[in-house]
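Here is a short briefing on a predicted model. Read it with the structure open. The points are grouped by topic.

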Amino acid sequence: MTIFGFRLPGMSSLLLWGLVWEIVGRLGITFFVPPLSAVFATLFEIIGTPAFLKALSETAYAFGVGVTAAIAIGVPTGILMGRSRLLDELLLPWVNIFLSAPLTALVPVLMVLFGFGMTSIIITTALFAIWIIILNARAGVMQINRSLVEMARCFGASPLAAFTKIYFWSALPEILSGVRIGVIRAVKGVIIGQLLISIVGFGALFELYSANFLMTHFWAVLIVLFAMAFSISELLAYLERRVSYYAAKR
Amino acid sequence: MSQTRAAPRSTVPLAADIAVRTRDVSKHYGTVEALRNLSLDFPRGQLTSLLGPSGCGKTTLLKIIAGLIPATSGQIEVSGKTVTGPGPDRAFVFQDFALLPWASVLRNVAFGLELRGVARSEREAIAEKYIRDVGLAGFETSYPHQLSGGMRQRVGLARALSVNAEVLLMDEPFSAVDEQTRRKFQEDLLALVANENKTFIFVTHSIEEAVYVSDQIAILLPRPSRVSEVIRPTGIRDKGADNIRRDPEYLDIVDRIWASLRSYVE
């Protein structure tokens, strides 16, 4: 957008909204909205504290393991479903059910099954991410050009070679967009998991801050989470654009 | 007058010189009969066209020979060996080129060899030779979407040549390129048949194209598909690429084929 001949950088409207927040905070309308400047002051204060770093590393660990598991299981499953009619008939209903299901409701069950700890959070994260990854990998394989498959057979491709040299690459743009949406959902999963289980990571911090009405702390952590989720999503969108330049041309 | 063609090919092939032989090949899709008892010989070192109206099963026959789809009954032999699936003795050129959009021209041309486990340096050397042969030197690092349709099909052709199969199966290879490029392709194909000692099986729906490039034309008629006639335009084969189209025999054969196909075209 340009104003008075000046080209504004992307997302500069955030400054305006930040200003609104600051004003509302200064007016003291409600206790729950402290001024943005105070929130940032607190943010820099707590960002180096052992409690925050511990929460960050625990969240990153749960997120990393959960997302890796979702991709490592989801992509091959999706490709196999796209290839095999039988497997597709068997699994597709479940994938669709879980994709639309309110997974939050499952977290208490997971807690009973896997305990009140890291394992449950990792599984929650993976569950949030995996279904859309499966569906996209499946869609990517199903739209593959028939003659590419015939070409691979003609030139004597083994099933493994066809999988790694044709199917995977052919489905890559869809796989990546599935991974991007999956990762965004995983951010929700890891936070929801932590909030419900609330003894590790940011869940514990949220519990601590809101129970003690430390609103600036609460908002500071929230901003960190939002910024992290947004950055991860943008990074993946960038990667996706780099890969899919050829996708439009196939 | 251009008389640069290679020595005339033998007009009546010996039995031993049959590269591909189909015997009573039938194909059913459910209750639909696509091919019925189709028997045809493809002489070695020559180009045989499968010509017919759309829906006559010519591509089906080609894919059965390629081993891509199984015949319901009958058998196919390539150099005496019965076909049970795709094999290194046959290479395919696709109507829509079937190139890997994420791979360079060099990798695409070398892909057949890559699948056969040929070492990288060796397969790239072979691929580079055939890229030069089809006139794409300088485009080794380009990607398919940067090439024109005609150039893409040259990549597909180079890939099929580089695996050095005895039989080249071509499924309407020039139908997706423009008219001028197609003419150039047809001339190049004549040179290819003369220079490479390979058997070409060529599916086309263009009568002119079939008569121009073929040593033998099998006319397929539909529902169910069978060979109605085999024409060998022997007289025009040694006239040189530039003279074929104005040869009276060429025009006669084109007319004759059209007369027999006319009633099958809706």
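Val112(A) counts as exposed, because it has 10 C-beta neighbours inside 10 Å and the cut-off for exposed is 12 or fewer. Val213(B) counts as buried, because it has 27 such neighbours inside 10 Å and the cut-off for buried is 20 or more. The model is predicted, and every value here is computed from it.

- Val112(A) sits in helix α5 of chain A, which spans residues 107-114.
- Val213(B) belongs to helix α6 of chain B, residues 207-213.
- Leaving out residues up to four places away in sequence, Val213(B) touches Leu47(B), Ser49(B), Gln186(B), Leu189(B), Leu190(B) and Phe202(B).
- Arg116(B) lies 97 residues from Val213(B) along the chain, and their C-alpha atoms are separated by 31 Å.

**Chain A overall**

- Chain A holds 10 helices and two strands.
- Its order from the N terminus is β-β-α-α-α-α-α-α-α-α-α-α.
- Chain A has 250 residues, of which 34% count as buried.
- Along the principal axes, the C-alpha atoms of chain A fill a box of roughly 75 × 60 × 30 Å.
- Take the contacts in chain A between residues at least 6 apart in sequence: 77% of them join residues at least 24 apart.

**Helix pair α4(A) and α6(A)**

- Helix α4 of chain A covers residues 85-100, and helix α6 of chain A covers residues 118-142.
- The axes of α4(A) and α6(A) come within 9 Å and cross at roughly 135 degrees.
- α4(A) and α6(A) are therefore oblique to each other, since an angle counts as roughly antiparallel when it is over 145 degrees and as roughly perpendicular from 65 to 115.
- The crossing of α4(A) and α6(A) is left-handed.
- On the α4(A) side, the contact is made by Val95(A), Phe98(A) and Leu99(A).
- On the α6(A) side, Trp131(A), Ile132(A), Ile134(A) and Leu135(A) make the contact.
- By class, the residues of this contact are seven nonpolar, no polar and no charged.

**Where chain A meets chain B**

- The contact between the chains involves 14 residues of chain A and 17 residues of chain B.
- Two elements of chain A give two or more residues to its side of this contact: α7 (146-154) and α8 (159-197).
- α7(A) supplies the largest share of that side, six residues.
- The chain A side divides into eight nonpolar, two polar and four charged residues.

**Domains of chain B**

- Chain B is divided into domain 1 (20-89 + 167-264) and domain 2 (99-164).
- Taken over C-alpha atoms, the centres of domain 1 and domain 2 of chain B are separated by 25 Å.
- Seven residues of domain 1 of chain B are in contact with six residues of domain 2 of chain B.
- The domain 1 side of this contact has six nonpolar, one polar and no charged residues.

How values were computed
Residues numbered from 1 in each chain as written. Chains lettered and ligands numbered in written order. Predicted model: local features only at pLDDT ≥ 70, side-chain atom pairs only at ≥ 80, totals over all residues. Contact = placed C-beta atoms within 7 Å. Helix = DSSP H or I, 4+ residues; strand = E, 2+ residues; numbered from the N terminus. Nonpolar A, V, L, I, M, F, W, Y, C, P; charged D, E, K, R; others polar. Axes fitted to C-alpha atoms, helices over the stretch in contact; angles between N-to-C directions. Parallel < 35°, antiparallel > 145°, perpendicular 65-115°, else oblique. Left-handed = near helix turned anticlockwise from the far one by under 90°. Domains from an automatic or database assignment.
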